[in-house]
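Trainee: I would like to go through this structure one point at a time. Please give the cut-offs as we reach them.

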Amino acid sequence: MNSRKHIIKRLLKTLFEFFPVMMPLVIVCILFNAVVSSIPSVFMQNIIAVVEQNWQSGDWSAVSGQILRLVSILVTFYVLSLIAGFAYNQMMAVITQGFLMKLREKMFSTMEKLPIRYFDTHNHGDIMSYYTNDIDTLRQMISQSIPQLMISAVTVITVLSIMLYYSLWLTILILCGVVVMLLATKKVGGSSARFFLAQQKTIGKTEGFIEEMMNGQKVIKVFNHEEESKKAFDEINNQLFKDAESANRFANMLMPILANIGNVLYVIVALTGGTLLLTGAPNVSISGMAFSISIVVPFLNMTKQFCGNISQVSNQVNSVVMALAGADRIFTLLDEVPETDEGYVTLVNAKEVNGEIMECADRTGMWAWKHPHKADGTVTYTKLAGDVRLFDVDFGYTPNKIVLHNITLYAKPGQKVAFVGATGAGKTTITNLLNRFYDIADGKIRYDGININKIKKADLRRSMGIVLQDTNLFTGTVMDNIRYGKLEATDDECIQAAKLAGAHDFITRLPEGYNTMISGTQDNLSQGQRQLISIARAAVADPPVMILDEATSSIDTRTEAIVQRGMDALMVGRTVFVIAHRLSTVQNSDVIMVLEYGRIIERGDHQSLIAEKGKYYQLYTGAFELE
């Protein structure tokens with residue numbers, strides 16, 4: 001966790017980066033306001049001194065003229081202060097909301113650059129808490145706490161200077177009281193800070209748990225797990241209550257303590273000032289003025305003002321601590337190491353001239369890998385064909401636990417390669433490595449003869465289409481969701497892709513056809529229909545390599561036959577990797593890889609593997625026996 005000093009420094013630096021012009025103007029206005037709020041004591045001293053000097057003479061015409069002049073100056077300052085206050089409040093409204101908007105944009109931009117590993121290892125509800133609770137803690141700090149702290153700091157310095165100018169003894173007395181107030185703030189505020197930090201973390205856990213429960217409501221209902229879920233939620237919620245209650249309990253103690261210390265100090269200053277007046281004690285001050293009523297009365301006012309600003313600073317401690325806790329979590333997200341990409345081989349439009357592959361600006365339907373060679377400065381072009389080969393690949397999600405061992409396989413252009421095996425055997429892991437969602441620990445993966453570590457990740461993934469078991473649709477029209485696979489695709493291309501996937505018929509029966517709005521989470525589409533749209537989305541991308549991860553698992557047998565015809569048409573001329581538990585969908589594969597505990601234990605086509613009567617034979621015949 002970062003230190004508070006570092007977080008504050010970084011927060012202010014970010015504010016000035018986002019608003020390089022407005023922030024200095026706000027500071028000027030705040031400083032002017034703070035100084036103006038401190039000068040009434042000086043005018044009061046002058047007015048009382050004028051009255052005191054002319055009390056015996058009774059020449060009130062001269063006195064009234066001097067008082068009127070002083071009051072006029074004071075009123076002028078207040079009018080300017082009003083203008084400055086209005087200006088900085090308007091600018092702070094823009095700065096506060098603008099800062100939150102820009103920070104969310106920066107967070108989202110950072111999040112989009114993070115590797116898949118980050119999202120696999122962090123609770124999604126906790127990530128959402130960054131954008132809601134943690135951001136909201138900064139809103140109050142920027143809009144209220146920072147201006148108030150600046151005003152209080154300037155006011156305290158100004159008032160302290162005025163007090164030292166008039167009387168050293170009374171100033172020392174007030175400073176002793178302020179020391180007591182600061183000690184109380186440190187003791188009580190420090191305790192609340194610890195619990196506010198715990199509160200922010202518990203809020204993230206609570207939101208993560210709620211998000212998990214919302215996603216699993218069907219499972220909870222089916223297994224009658226409502227009471228157990230409620231008990232688990234109550235435990236987390238009770239912890240949140242304890243942290244919040246402890247934080248606010250200490251926070252609410254602080255203001256009454258400081259207020260009473262301020263009242264006691266006011267009385268002590270009044271008694272001390274009166275005693276010094278009566279005894280005629282000598283005054284020590286920069287001004288060289290003797291003790292008089294014109295010094296004691298303004299001093300009482302300055303005592304209240306001084307203690308009040310110290311209390312205001314202490315009152316902002318709670319929101320500042322909460323904001324720093326939120327800022328720490330936000331900066332932790334912003335400091336996450338983005339997905340690295342050392343690749344330099346790119347995918348470009350190409351054409352063939354006299355048997356030679358050349359780059360071109362026009363879309364020709366042919367793609368090539370542009371491979372610059374640093375050694376001699378030459379550039380070679382390799383036609384994108386979809387030849388994928390793995391050589392002795394080892395991989396582990398953590399360094400000390402390898403889940404894939406010595407994986408060697410090849411898929412020639414146009415071949416259909418199937419992975420079968422028990423859950424956890426490593427089938428999906430292999431496809432994750434092809435996309436470079438994760439990098440291998442050892443071995444090599446070559447794509448059209450090029451080490452995939454040399455290929456830019458964006459270009460590598462653009463050359464592959466993937467259909468997952470869990471469908472992910474986004475809020476928008478059906479057409480928008482299909483076009484997600486290729487943003488520049490025309491409506492006709494999207495419709496053709498839907499026909500290829502077997503989705504066209506049900507889409508045309510929707511209320512508005514392809515323009516029907518759907519949601520990423522809730523709509524009237526069945527799981528099978530959502531999967532068909534997902535397949536159409538992959539089809540419109542028209543990649544040379546397709547990865548089908550249980551793509552037909554959510555589709556009934558009749559629909560599967562329709563989809564299978566479309567998938568067969570989609571697979572023509574492409575390299576296809578299929579992961580399937582339903583072995584009837586992989587019988588026509590060119591090669592079937594049987595995985596067990598991260599190793600390939602059998603390989604061959606359907607007939608040869610059946611003849612071997614090994615693991616595949618057991619899986620295949622066992623499936624039919626169950627039926």
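Trainee: What percentage of the residues in the protein is buried?

Mentor: This is a predicted model, in which local features need pLDDT of at least 70, side-chain atom pairs count only at pLDDT 80 or more, and totals for chains, interfaces and linings use all residues. Residues are numbered from 1 along each chain as its sequence is written, and side-chain values use heavy atoms, with hydrogens and water left out. Buried means under 20% relative accessible area, exposed over 50% and partly exposed in between, with a 1.4 Å probe and protein chains only. Of the 627 residues in the protein, the buried share is 45%.

Trainee: Is leucine 258 buried or exposed?

Mentor: Leucine 258 lies in helix H9 (residues 226–279); helices are DSSP runs of H or I with at least four residues, strands are runs of E with at least two, and both are numbered from the N terminus. Not counting residues up to four places away in sequence, leucine 258 touches Met181, Ala184, Thr185, Ser311 and Ser314, where contact means heavy atoms within 4.5 Å. Its relative accessibility is 0%, so leucine 258 counts as buried.

Trainee: How are H1 and H6 oriented where their axes cross at roughly 85°?

Mentor: The axes of helix H1 (residues 4–18) and helix H6 (residues 124–166) come within 13 Å and cross at roughly 85°. Axes are lines fitted to C-alpha atoms, for helices over the stretch in contact, and angles run from 0 to 180 degrees between N-to-C directions. Angles under 35 degrees count as roughly parallel, over 145 as roughly antiparallel, 65 to 115 as roughly perpendicular and the rest as oblique. H1 is therefore roughly perpendicular to H6.

Trainee: Which residues of H6 make the contact with H1?

Mentor: On the H1 side, the contact is made by Leu11, Leu12 and Leu15. The residues of this contact divide into seven nonpolar, no polar and no charged; Ala, Val, Leu, Ile, Met, Phe, Trp, Tyr, Cys and Pro count as nonpolar, Asp, Glu, Lys and Arg as charged, and the others, Gly among them, as polar. The H6 residues are Leu138, Met141, Ile142 and Ile146.

Trainee: Which strands stand at the edges of the open sheet?

Mentor: Four strands form the open sheet in the order S2-S1-S3-S4, with antiparallel pairing; two strands pair if DSSP finds at least two bridges between them. Five bridges join strand S3 (residues 366–372) to S4. Each edge strand has a single partner strand, so one side of each is left without a neighbour in the sheet; these are S2 (356–359) and S4 (379–383).
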